[in-house]
Amino acid sequence: MSKWILNGLVGLLGLIGLFVASGSEGAVAYYGGLGFFGFSVLFIMLQIKRAYPHGGNLADLEEGHRH
């Protein structure tokens with residue numbers, strides 16, 4: 001359950017980064033907001049990859065299935 005909360009917070013902070021980038025007048029805030037959004041997307045993708053290490057095939061979800 002803590003992974004859900006962590007990923008939700010990272011997603012929320014990524015959206016805040018987009019809002020910062022859209023409302024900024026300086027280059028630092030613009031690229032910083034976009035960079036933080038990119039980091040949050042990559043972080044969540046990494047968490048999905050860790051949850052399904054073998055590609056997430058339906059056969060992997062069957063009980064008792066071993067590779």
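This is a predicted model: local features need pLDDT of at least 70, side-chain atom pairs count only at pLDDT 80 or more; totals for chains, interfaces and linings use all residues.
Local features here need pLDDT of at least 70 and side-chain atom pairs count only at pLDDT 80 or more, while totals for chains, interfaces and linings use all residues. Residues are numbered from 1 along each chain as its sequence is written, and side-chain values use heavy atoms, with hydrogens and water left out.

Student: How many aromatic pairs are there?
Tutor: Rings of Phe, Tyr and Trp (its six-membered ring) pair if their centres lie within 6.5 Å; planes under 30 degrees apart count as stacked, over 60 as edge-to-face and the rest as tilted. By this rule, the number of aromatic pairs is 3.

Student: Which geometry does the aromatic pair of Tyr30 and Tyr31 have?
Tutor: A pair of aromatic rings is described by the distance of the centres and the angle of the planes. For Tyr30 and Tyr31 the centres are 5.0 Å apart. With 75 degrees between the planes, the pair is edge-to-face.

Student: Is Tyr31 buried or exposed?
Tutor: Buried means under 20% relative accessible area, exposed over 50%, and partly exposed in between (1.4 Å probe, protein chains only). Tyr30, at 37%, is partly exposed. Tyr31 has a relative accessibility of 56%, so Tyr31 is exposed.

Student: Why is the pair of Phe36 and Phe39 tilted, and at what angle do the planes lie?
Tutor: Phe36 and Phe39 have ring centres 6.0 Å apart. The pair counts as tilted because the planes lie at 45 degrees.

Student: What separates Phe36 and Phe39 along helix H2?
Tutor: Helices (H or I, at least four residues) and strands (E, at least two) are DSSP runs, numbered from the N terminus. An α-helix has 3.6 residues a turn, so residues three or four places apart point the same way. Phe36 and Phe39 are 3 residues apart in H2 (residues 27-51), so the separation is about one helical turn.

Student: Which residues do ring pairs link into a cluster?
Tutor: Phe36 is partly exposed at 37%, and Phe39 is partly exposed at 47%. Ring pairs link these two with a further Phe, giving a cluster of Phe36, Phe39 and Phe43.

Student: What span does H2 reach from its first C-alpha to its last?
Tutor: The expected span of a helix is 1.5 Å times one less than its number of residues. H2 has 25 residues, for which 36 Å is expected. The model comes close to this, with a span of 36 Å.

Student: Which helix do the buried residues of H2 pack against?
Tutor: Gly33, Ser40 and Gln47 are buried in H2. Contact means heavy atoms within 4.5 Å. The buried residues of H2 pack against helix H1 (2-22).

Student: Which residues does Val10 touch, not counting residues up to four places away in sequence?
Tutor: Val10 is in helix H1 and is buried at 13% relative accessibility. Its C-alpha lies 7.8 Å from that of Ile44, 34 residues apart along the chain. With residues up to four places away left out, Val10 touches Ser40, Phe43 and Ile44.

Student: Which residues does Asn7 touch, not counting residues up to four places away in sequence?
Tutor: Asn7 is found in H1 and counts as buried at 19% relative accessibility. Beyond four places in sequence, Asn7 touches Phe43, Ile44 and Gln47.

Student: Which helix supplies the largest share of the lining of the largest pocket?
Tutor: Lys3, Trp4, Asn7, Ile44, Gln47, Ile48 and Ala51 line the largest pocket. H1 and H2 each supply at least two residues of this lining. The largest share is 4 residues, and the helix that supplies them is H2.

Technical notes: On a 1 Å grid over the protein atoms alone, a cavity is a set of points where a 1.4 Å probe fits but cannot get out, and a pocket is an open set with protein on both sides within 12 Å along at least five of seven lines; lining residues have an atom within 4 Å of a point.
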